[in-house]
Each structure stands twice: as C-alpha cells, then as structure tokens.
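Work through the exercises below with the sequence and the structure open beside you. Try each task before you read its solution.

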Amino acid sequence: MKYMAETVEGNFTFTVLDDNNSLYIIKGSNPMCLLHFKDIGLYVYASTESIMKNAIRRIGLHKFANERIKTDEGDILCIDRNGNITRSEFEPKIYRSKYGSWYGLDDSPYYDMHEEILLAYCGCYGVDSEDVELLLEYGYTCDEIEEMLMDTNLLHEALRDVKYMCGESLYENCCGGIW
C-alpha cells in the first residue's frame, strides 16, 4: 500500500478492507474525519467533520461518547478486527494546483486543496461550480458550503442572498447609487 500511495498523484484518501477484516486507511491530501465509538466498538469515517456531524446526528450516534482519531497526510492506519490501530507512513507526491497559474506563481494556488475538492465534487450534488466559487469569494468556508450541499434549502437561500447583495453592490458601483 505504501508503494501505491507514493505513486498516486492528486488528492486522495483510500480505504481498503482485507480478507482478515482489517481496514487500511491511506491518507493523502483529501480531508478525512475518523471517529471511534469505543463503548460500542465502532469506527466511523467521512470526508469532513461537517459531513460526519450531520450523519451521526441523523442516525443517532451523537448520543454515544466518541474520540476523534488524528490522521495526517502520509499516514497509513490499519484497524484490525479487534479495533487495534497500527500506523505507518508514506511519502506523498508533491501536488501542484491547476489553479496556480492564475496568479503566475507556482507556489501560491488560487484555491487551497479543500476548495479544489469542493469545486470538483459539487456537481455530484447538482450544484454548479460557479455557484460554489461565488460562495467562496463571498467568504463562506468549505465546511459551511458542504453543509449547504446537504441542505438544499439553505444553499438556495445563501445563493439568493449573495447574488442579491452582489447585484446590489454592482448596481451601486456602476450607477453611483443615485437611484
């Protein structure tokens, strides 16, 4: 798994379940949230904390004590069938943002990794990337936008408000606000 992880380019986190019921988590640059519910012998993972909180609340796991298991880029975790964790590491490939050229600086991407992932996957939720870019430019965080992707009413409300405010601002800038 180490060799495989060191050859992959781009954003990733892989999970592999082997024949012995050991779960391997190979943590690349993608966000990941891993929780352990020790009292019930359960590990749960999702791509982000906001998705995790929403999911555990919906299925009632928020009632149980849990511990967040820290994972960093380059980690390989193995959770065996008894719930024991062993760790090893791999050397991640250096990833350059495809948006870096917008500023002409290779080491200063326009979007950070979390934002790029959000822009890449927003279409899976039926949301146009231009709408996500608008929310990012207006100051919403990736976590806030991810919550909006799961609550379409909230998303539409935020987009309506931002478009209204941007439109009002553009109108005042163009016409001097004399109307």
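## Exercise 1: The nonpolar cores

Of the 15 residues in the largest nonpolar core, those that touch the most other members are Leu118, Val127, Val132, Leu135, Leu136, Ile145 and Leu155. A nonpolar core is a set of buried Ala, Val, Leu, Ile, Met, Phe, Trp, Tyr and Cys residues joined through side-chain atoms within 4.5 Å, where buried means under 20% relative accessible area, exposed over 50% and partly exposed in between, with a 1.4 Å probe and protein chains only.

The model is a predicted one, in which local features need pLDDT of at least 70 and side-chain atom pairs count only at pLDDT 80 or more, while totals for chains, interfaces and linings use all residues. Residues are numbered from 1 along each chain as its sequence is written, and side-chain values use heavy atoms, with hydrogens and water left out.

**Solution.** Step three: a second, separate core has nine residues, among them Cys33, Phe37, Val44 and Met52. As background, nonpolar side chains in soluble globular proteins tend to be buried together.

## Exercise 2: H4 against its neighbours

**Task.** Describe how H4 crosses H5 and how H3 crosses H4, and name the residues that meet.

**Solution.** Step one: the axes of helix H4 (residues 129–138) and H5 come within 10 Å and cross at roughly 140°. Axes are lines fitted to C-alpha atoms, for helices over the stretch in contact, and angles run from 0 to 180 degrees between N-to-C directions. Angles under 35 degrees count as roughly parallel, over 145 as roughly antiparallel, 65 to 115 as roughly perpendicular and the rest as oblique, and H4 and H5 are therefore oblique to each other. Step two: Val132, Leu135 and Leu136 of H4 meet Cys142, Ile145 and Met148 of H5. Sorted by class, this contact of H4 with H5 has six nonpolar, no polar and no charged residues; Ala, Val, Leu, Ile, Met, Phe, Trp, Tyr, Cys and Pro count as nonpolar, Asp, Glu, Lys and Arg as charged, and the others, Gly among them, as polar.

Step three: the axes of H3 and H4 come within 8 Å and cross at roughly 150°, which makes H3 roughly antiparallel to H4. Glu115, Leu118 and Leu119 of H3 make the contact with Ser129, Val132, Glu133 and Leu136 of H4, and the residues of this contact divide into four nonpolar, one polar and two charged.

## Exercise 3: H2 and its surroundings

**Task.** State which residues of H2 are buried, and which elements they pack against.

**Solution.** Step one: the buried residues of H2 are Ser50, Ile51, Met52, Asn54 and Ile56. Step two: these buried residues of H2 pack against strand E3 (33–37), strand E4 (42–46) and H5. Step three: the axes of helix H2 (residues 49–59) and helix H5 (residues 142–150) come within 9 Å and cross at roughly 40°, and H2 and H5 are therefore oblique to each other. Ser50, Ile51, Asn54 and Arg58 of H2 make this contact with Asp143, Glu146, Glu147 and Met150 of H5, and by class the contact of H2 with H5 has two nonpolar, two polar and four charged residues.

## Exercise 4: Two residues in one loop

**Task.** Where is Ser22 found, and is Ser22 buried or exposed? Where does Asn21 lie?

**Solution.** Step one: Ser22 is found in the loop between strand E1 (13–17) and strand E2 (23–27), and Ser22 is buried, with a relative accessible area of 9%. Leaving aside its neighbours within four places in sequence, Ser22 is in contact with Val16, Leu17, Cys78, Ile79, Asp80 and Arg81. Step two: Asn21 lies in the loop between E1 and E2, and at 45% relative accessibility Asn21 counts as partly exposed. Step three: phi of Asn21 is near 60°, a positive value in a residue other than glycine.

Note on methods
Helices (H or I, at least four residues) and strands (E, at least two) are DSSP runs, numbered from the N terminus. Contact means heavy atoms within 4.5 Å.
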